[in-house]
Amino acid sequence: MKVSIIGAGSVGATTAFSLAKCGFVNELVIVDLDQDRAHGVALDILHGLSFTQEVKLSSGDYDQTTDSNVIIVTIGVPEKVGESRLVPLQKNTEILKDIVPKITAASPNGILLLVSNPVDILAYFAQKISGWEPHRVIGLGTTLDSARLNYLLGRDLELAQTDVNGLVVGEHGDSQLVAWSQTSIKGTSFDEFATANNFDCSHDYKIKLAQEVKDTAFDVWQMKGPNCYCVAAAIERVIKAIALNENALLPVSQPFTSEAYISLPHLINKNGATKAIHLNYTTEEIEKLNSSYKNLVELANQIEL
């Protein structure tokens, strides 16, 4: 599998390192406006590959991305705490208008994975710019948020986070929601597990934990700068599902209607996000999901594509 990464910043570089070691990607290309930086990232990884495996890895321009199976877009202006989301959204939309035609020209049969934020709206815009079928233009969505939920629940329940199956849906952002009805521990719903194991779940525990899922990325940013290791791990999980044709069920961003993308569980395989999976959400969760989607549509409508 050939994967190209657009952007050699913290997320792009960490993703390149992660994919170079994963075993299911055999060719990587790193593209960045700063070609020296991209070349330096490539060399830094190449210098250590004799400890792991042989991978063809290079840096350059879009012509080197030709016939990529997946193109990952990590480049963009980051959101800042307290700043209107319209500011980075407009700037990142302009970036997409420049780079997406170059990507599609070089790899007309590829799959586009958007990571840049706000990811739901940018994935929607990238699909409109590319003209590709929606299942081939995927936003990373709430895949990472769901993993953060797993970590936090594992912490509180004193369990391995790998034994927690949490689900966050909706916007990758302020209006996201924890789907508690679909969150389980070893096949047992969270509520049943908490009751059976005498977990002291205060009346506002779920509210506070859902807020912590949203806030923890900003906490990390204030401590060390960009979140990159966790993002790279989430990207690798999606790439693995594509590379191995897994039919994995992951909460990625795809069309909800024709007006915007939103994050919900989809089957991920070699063809992209091929099928939305419908789950038995509660009435309250459906209402919050619809409200989240309405927020995304309103935000997207403020940008002229």
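Is Lys186 buried or exposed? Lys186 is exposed, because its relative accessible area is 66%, where exposed means over 50%, buried under 20% and partly exposed in between, computed with a 1.4 Å probe on protein chains only. The model is a predicted one, in which local features need pLDDT of at least 70 and side-chain atom pairs count only at pLDDT 80 or more, while totals for chains, interfaces and linings use all residues. Residues are numbered from 1 along each chain as its sequence is written, and side-chain values use heavy atoms, with hydrogens and water left out.

Taken as a whole, the protein chain has nine helices and 14 strands, which are DSSP runs numbered from the N terminus, helices being H or I with at least four residues and strands being E with at least two. The C-alpha trace spans about 55 × 50 × 35 Å along its principal axes. The radius of gyration of the protein chain is 19 Å, which agrees with the value near 19 Å that a compact globule of 305 residues would have; this radius is taken over C-alpha atoms, and the globule rule is 2.2 Å times the number of residues to the power 0.38. Of the 305 residues, 51% are buried. Among contacts with a separation of 6 or more, 70% join residues 24 or more positions apart, a contact meaning heavy atoms within 4.5 Å.

Helix H1, residues 10-20, is largely enclosed by the rest of the structure, because nine of its 11 residues are buried. Among these buried residues are Val11, Gly12, Ala13 and Leu19, and what covers the buried residues of H1 includes strand S1 (2-6), strand S2 (27-31), helix H2 (35-46) and also H8.

Helix H8 (residues 229-243) also packs against helix H5 (residues 143-157), at an angle of about 115° and with their axes 9 Å apart. Here the axes are lines fitted to C-alpha atoms, for helices over the stretch in contact, and angles run from 0 to 180 degrees between N-to-C directions. In this packing, Thr143, Leu144 and Arg148 of H5 meet Cys230, Val231, Ala234 and Val238 of H8. By class, the contact has five nonpolar, one polar and one charged residues, with Ala, Val, Leu, Ile, Met, Phe, Trp, Tyr, Cys and Pro counted as nonpolar, Asp, Glu, Lys and Arg as charged, and the others, Gly among them, as polar.

The structure holds zero disulfides, a disulfide being a pair of cysteine sulfur atoms within 2.5 Å. Cys228 is accordingly in no disulfide, and the nearest cysteine sulfur, that of Cys230, is 7.4 Å away. Cys228 is buried, with a relative accessible area of 6%, whereas Cys201, at 31% relative accessibility, counts as partly exposed.

The peptide bond from Asn117 to Pro118 is cis, with omega near -5°, and Pro118 lies in the loop between strand S5 (111-114) and helix H4 (119-130).
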